[in-house]
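Hello,

Here is the structure you asked about, with the sequence.

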Amino acid sequence: MSLQVPPKTRLEAIRLSALECTQCSLADGRNQVVFGGGDPSAGLMLIGEAPGAAEDLQGEPFVGRSGELLWQLLADVGIAREMIYITNIVKCRPPENRDPKRVEIAACATWLDRQLQLIQPRVVCTLGNFATRRIRGDQTGIMSLRGRQEKMMLSGYPTTLYPLLHPAAALRSTRNLKFMREDIARLPQILSDPHSG
Ligand code: URA
């Protein structure tokens with residue numbers, strides 16, 4: 001009998017400790033920690049910015065207006081919610097939906113790093129500037145990275161990074177919506193490419 005604890009069990013243990021997290025002041029105003037969810041063995045991981053009001057109430061990422069658009073755009077190309085693991089760089093809602101602060105992103109880094117280590121996604125789509133900067137570790141803007149594949153090591157494992165606009169940006173502008181739709185249209189081919197990852 002193997003004594004190794006399966007990744008799903010370890011992920012659940014990490015989720016349970018994240019629910020108690022008080023590493024930054026966002027803990028004071030949250031209703032709940034939004035750890036992430038979906039299929040950890042799916043091969044595709046989506047990483048957003050931070051929970052909004054709907055997510056803070058329901059405890060699941062992307063259940064508000066941004067999520068509605070995101071799931072629709074993915075469904076349009078045959079990618080169902082069940083085929084994805086989805087999370088955010090910051091697991092608690094910033095007050096008034098303001099941008100997450102650098103200290104908050106740093107305090108939350110350990111949870112995302114552990115998710116990446118256990119899930120080892122072949123393809124990662126970051127959504128918007130904050131997630132893309134957090135994963136790439138530099139300040140390059142999303143407009144010059146969106147829709148471009150980049151191979152990289154993430155938490156020690158090879159991954160194809162494929163940044164997308166944040167759905168909130170696509171809700172604000174039809175030009176952004178067009179970009180996001182075009183970029184998502186290429187996702188099925190990236191996922192089926194045996195060289196991704
Ligand atoms: N925006 C995000 O970045 N994440 C969510 O979970 C919801 C909206």
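A pocket, on a 1 Å grid over the protein atoms alone, is an open set of points with protein on both sides within 12 Å along at least five of seven lines, while a cavity is a set of points where a 1.4 Å probe fits but cannot get out; lining residues have an atom within 4 Å of a point. Grid points are joined across faces, edges and corners, and a volume is the space filled by probe spheres set on the points.

The model is predicted, so to read it: local features need pLDDT of at least 70, side-chain atom pairs count only at pLDDT 80 or more, and totals for chains, interfaces and linings use all residues. Residues are numbered from 1 along each chain as its sequence is written, and side-chain values use heavy atoms, with hydrogens and water left out.

(Helices are DSSP runs of H or I with at least four residues, numbered from the N terminus.) By class, the lining of the second largest pocket has five charged, three polar and three nonpolar residues. Here Ala, Val, Leu, Ile, Met, Phe, Trp, Tyr, Cys and Pro count as nonpolar, Asp, Glu, Lys and Arg as charged, and the others, Gly among them, as polar.

The largest pocket has a volume of about 630 Å³. It is lined by 30 residues, and Glu49, Ala50, Ser66, His166 and Ala168 lie nearest its centre. Two or more residues of that lining come from each of helix H3 (53-58), helix H4 (65-76), helix H6 (128-136), helix H7 (142-145) and helix H8 (167-172). H8 gives the largest share, four residues. The lining of the largest pocket divides into 14 nonpolar, 10 polar and six charged residues.

Of its 15 lining residues, Cys21, Cys24, Arg30, Cys92 and Cys108 are the closest to the centre. Helix H2 (26-29) and H5 each supply at least two lining residues, and H5 gives the most, four. The lining of this cavity has 11 nonpolar, one polar and three charged residues.

(Buried means under 20% relative accessible area, exposed over 50%, partly exposed in between, with a 1.4 Å probe and protein chains only.)

Rings

A charge sits over a ring if NZ of Lys or CZ of Arg is within 6 Å of the ring centre and within 35 degrees of the ring normal. The charged end of Arg146 sits over the ring of Phe179, 4.0 Å from its centre. Phe179 lies in helix H9 (residues 174-185) and counts as buried at 14% relative accessibility. The C-alpha atoms of Phe179 and Leu165, 14 residues apart along the chain, are separated by 7.8 Å. The charged end of Lys91 sits over the ring of Phe35, 6.0 Å from its centre.

Regards
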